[in-house]
Amino acid sequence: MPTRVRESRGQEMVLTAAVAVVIVLLSLLPMLRLIKEIVAPGGTLSTVAIAAGLRSPATWIATWHTLVVGIGGTLLAVLSGTLVAVLVSLTDIRGRSALVLCYVMPLMIAPQVTALAWLQLFGPASPFLKLFGAAPPLGTKNPLYSTSGIILLLGIQYGPLVFLLVRAGLRKLPRELVEAARAGGAGWFPVLVTIVLPLMTPSIMAAAALAFVSCVGNFGIPAFLGIPANYLVLPTLIYQKLAGGGPAVLGETAFLSALIGVIAMAGILAQEVMSRRRDYRISSTSLPAEPYELGRWRPIVQACMWLLIVLVLFLPLFGLVLTSLVPGYGIALTAKTVTLDNYRFVLFEHDAANRAFFNSFWLSIAAAFFAVVVAVPVGYLIAWGRQRWVRLLNLAVELPYALPGVVLAIASLLLFLRPIPLTGIQLYNTVWIILYAYLARFLVLALRPTISGYHQIDRALEEAAQVAGAGLFTRMRTIIFPLVAPAAIAGGLLIFMTALSELTVSALLWSSGSETIGVVMFSFEQGGDSNYAAAMSVITVAVTFVLMLVTNLLAPYLPSGVLPWRD
Amino acid sequence: MARLSLDHVTKSFANFEAVKDVSIDVADGEFLAVLGPSGCGKTTLLRLVAGFEKVTSGEIRIGSDVVSSSVGSVAPEKRRVGIVFQNYALWPHMTVAENIGYSLKVAKLDKTVARQKVEDALALVNLQGLGQRRPANLSGGQRQRVALARCLVAAPSLVLFDEPLANLDVHLRASMEDEFAAFHKRTGTTIVYITHDQAEAMSLADRIAVMDHGRVAQLATPRELYHEPANEMVASFVSQGILLPADVLTGEDGGHCKVRALGTELVVRCRPGERPRAGAKICCRSADLDVSPHGPGFDGLVKRVIYQGGAARIEFTPAAGPDLTLHFEQPDPVTLESGAQARLRIRSGWLIPVGTAS
């Protein structure tokens, strides 16, 4: 009998061990290395690094800036994302698929591309404004080089993130809950406020936490908008220090990155506290509620929605395309000046740009695939695991996973600055250190939706398979994976599109030969070659868009809800 | 088919004993119902037998194998038990046929054999031709049948039902009850059936285990449970038994004894060996009461009369026990009115045995 017992728990042990190894390698190890650098630089305990960091006024200014744009951006994202999600999901608004597709697009566009696009729209060199002769004179300050500019773009960037999570929650809202309230005499607005939004609290909170972490850790937008105005947030401060000082200032940047980590952690903890106050699990499955009829308001609401989309998507992209077609800075676009030279240059003539396209593609495919495969078992242990130590481990690892990319980049640098002991393998200055950071960095994007997916599955479905004789791995493959796949794969696709033109991590980790699209774009912009940067941006946006369309062709073969931009 | 034994099984969660020292033997092919109010531990009991929970102490055996003990526990997938879940737990991403054939696929059964078995199972629950449907496109009763077919296709040694009719409407319940009875008769499977519905338990089960606060209050046949409840909890829980304080006047003789209740003397059924004692309780059923305007009996006040078609349910408070409420049925013509005085007679009753009060 004891042998039977041990045998039957074998697969569980293997799974737990594998998850533990992954978590230690990708999360605990870099975090511990980072902490060691802060409390014991050079191997002996000392507070020198902390004291030096705390003394510097630059630290305090950057921290304040980070909080301001982080909270501002999150608020804007949560308000706009939730509003759009409610309008799209619960009303009889027309052209829903197109609206969803267009509204989600900015999320698929890298932050620095968004920043570049908006800069091209409003700057004195704007080919767009020049079309109307409305461009301010050269030398005028671009209005986006400001705090509110950064907050605005962060809100636009991450509004769709909130939208996706809230919409996923709204899709699962059983209509009985809404109908019961309406039968109880509640009108549409009271139903929204008393039933729908409270039930959506976990989704909204999770979305807010994710948006906050993204805003706080965002590098592209404050780099493009803040650095010219000398408005530094923590990630850009780290970048500047590292770019100026190299590995010598790693200790100093380690402290700063830990500071970002603490801020992000505070956001996540606040979400945990808010979500645990009540039980929000929806147990029944049912059809979604009948859409609310907007009646005579419908044309107005629709017009507002499309206006929003023109503002946040079409105008900036239009500006970007215009910039990519002019031969140089400040030149107006006319039939005479229009040229494709910028494209030819980045695609065929510039070596680093060529390498960057190749590197970014395979890095993002690898990261997305890995994350989906790992998120399902990790989510299983976190959501349904019963051993207490797994939950403790979860507590220890969820935070580093959710930390901003800068933190992981610095930790990876510290970890791999010297060759890996015993093997002598050198990751520093190769593309592999970027892959390592991507794997660790992006897992959270697939893990969080997967865990919420688990929470909404009736566990009896797994238990039914268990009594049917299926072992853990069989259940994983045949029952659990298909049920959480929509959530996990949606996360994987997000990862691919995010990683494709990722900048935050690779800006700190790249070396000659291992450039990514984001890095090359950034260096073009910094060198004043906005036209090349715009051309590269247009190419990545086009690739992303085509990918979305191609994936759409697969939609009939995928479980519904996998593709975030599809209705 | 196999017998199931629970031997002094206790299950505690953090600081709460959900199941306390439960011992039940279910014979091979027996239909056992576990009946109790919500929170009595019956669902925990089912999860212990299935292996989803581990016992704190005691032992569970299926057939001759120990499957749960404080040493360890055989995983649910190795126990060969079938479960019909309350909410069916059909996998939404599979067709009906895939749902039913799942355990065969897991066991790597030959595909043609498996397909035949699935067809047979569908036929057994009258769902021929629905194999390619998705669970979402089935009615509640059809889903229940799929769940039943899914569990019996693997020929489990033991089938557990977890309140399978709780989500169905009344008409469907009656027909599903018939179906379960027929299923049991046809397959001869050992069944443990969890329910809070007495009528369901009574009509289906060979024996019923009544649970209360984690303990087995009584394990007996439906008839015995009704006529000879072992304690006050069972007496009042089953068919709304009426409990009356009584003094036992004579010792047991031929299965009967004389008691005094509500100021009148009457003869009730009792266990062998009962001795005269004070402070006893008797259990009466509404069928044991009738109106006796002029004969022996006790007086009281008619509190409520609820006409139910063909008969009325009368609630009555005896003058000798103003805190008590007796209820019984008076067939048409209904003569009693609320607020009126009346005289009742207890024709028979059961003396609750001593020392087994809950």
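In the predicted model, helix H4 of chain A and helix H14 of chain A pass each other in a left-handed crossing. The two helices, which cover residues 96–108 and residues 298–325 of chain A respectively, cross at roughly 30°, and their axes come within 9 Å. Since angles under 35 degrees count as roughly parallel, H4(A) and H14(A) are therefore described as roughly parallel to each other. On the side of H4(A), the contact is made by Leu99(A), Cys102(A), Tyr103(A), Met105(A) and Pro106(A), and these residues meet Met305(A), Ile309(A), Val312(A) and Leu313(A) of H14(A). By class, this contact has nine nonpolar residues, with no polar and no charged residues.

A further helix pair of chain A is formed by helix H16 (residues 351–384) and helix H21 (residues 472–500), whose axes lie 8 Å apart and pack at an angle of about 145°. The crossing of H16(A) and H21(A) is right-handed. The residues of this contact divide into 21 nonpolar and five polar, and no charged residue is found among them.

Elsewhere in chain A, Leu427(A) is located in the loop that lies between helix H18 (405–416) and helix H19 (432–455). Leu427(A) counts as buried because 21 C-beta neighbours lie inside 10 Å, the cut-off for this class being 20 or more. When residues up to four places away in sequence are not counted, Leu427(A) touches Phe416(A), Ile420(A), Trp432(A), Ile433(A) and Tyr436(A). Val262(A), by comparison, is 165 residues from Leu427(A) in sequence, and the C-alpha atoms of these two residues are 27 Å apart in space.

Chain B contains eight helices and 20 strands, and its C-alpha trace spans about 75 × 50 × 40 Å along its principal axes. Of the 358 residues in chain B, 44% are buried. Among the contacts in chain B with a separation of 6 or more, 63% are accounted for by residues 24 or more positions apart. The domain assignment of chain B gives domain 1, covering residues 4–227, and domain 2, covering residues 254–351. The centres of domain 1 and domain 2 of chain B, taken over C-alpha atoms, are separated by 40 Å.

Within chain B, helix H4 (residues 140–152) and helix H5 (residues 170–187) cross at roughly 15°, with axes that come within 11 Å of each other. This angle makes H4(B) roughly parallel to H5(B), and H4(B) passes H5(B) in a right-handed crossing. In H4(B), the contacting residues are Gly140(B), Gly141(B), Gln144(B), Leu148(B) and Leu152(B), which meet Leu172(B), Met176(B), Phe183(B) and Thr187(B) in H5(B). The contact of H4(B) with H5(B) has five nonpolar residues and four polar residues, whereas charged residues are absent from it.

The peptide bond from Asp332(B) to Pro333(B) is cis, with omega near -5°, and Pro333(B) lies in the loop between strand S18 (326–331) and strand S19 (341–346) of chain B. His213(B), a residue other than glycine, has a positive phi value near 45° and is placed in the loop between strand S9 (207–212) and strand S10 (215–220) of chain B. With 16 C-beta neighbours inside 10 Å, His213(B) counts as partly exposed. Phi is also positive at Gln240(B), where the value is near 50° in a residue other than glycine. Gln240(B) lies in the loop between helix H8 (232–237) and strand S11 (242–248) of chain B, and Gln240(B) is exposed because 11 other C-beta atoms lie within 10 Å, the class being set at 12 or fewer.

The contact between the chains takes 24 residues from chain B and 23 residues from chain A. On the side of chain B that touches chain A, the elements that give two or more residues are strand S6 (81–84) and helix H2 (96–106) of chain B. The residues on this side of chain B divide into 16 nonpolar, six polar and two charged.

Key:
Residues numbered from 1 in each chain as written. Chains lettered and ligands numbered in written order. Predicted model: local features only at pLDDT ≥ 70, side-chain atom pairs only at ≥ 80, totals over all residues. Contact = placed C-beta atoms within 7 Å. Helix = DSSP H or I, 4+ residues; strand = E, 2+ residues; numbered from the N terminus. Nonpolar A, V, L, I, M, F, W, Y, C, P; charged D, E, K, R; others polar. Axes fitted to C-alpha atoms, helices over the stretch in contact; angles between N-to-C directions. Left-handed = near helix turned anticlockwise from the far one by under 90°. Parallel < 35°, antiparallel > 145°, perpendicular 65-115°, else oblique. Domains from an automatic or database assignment.
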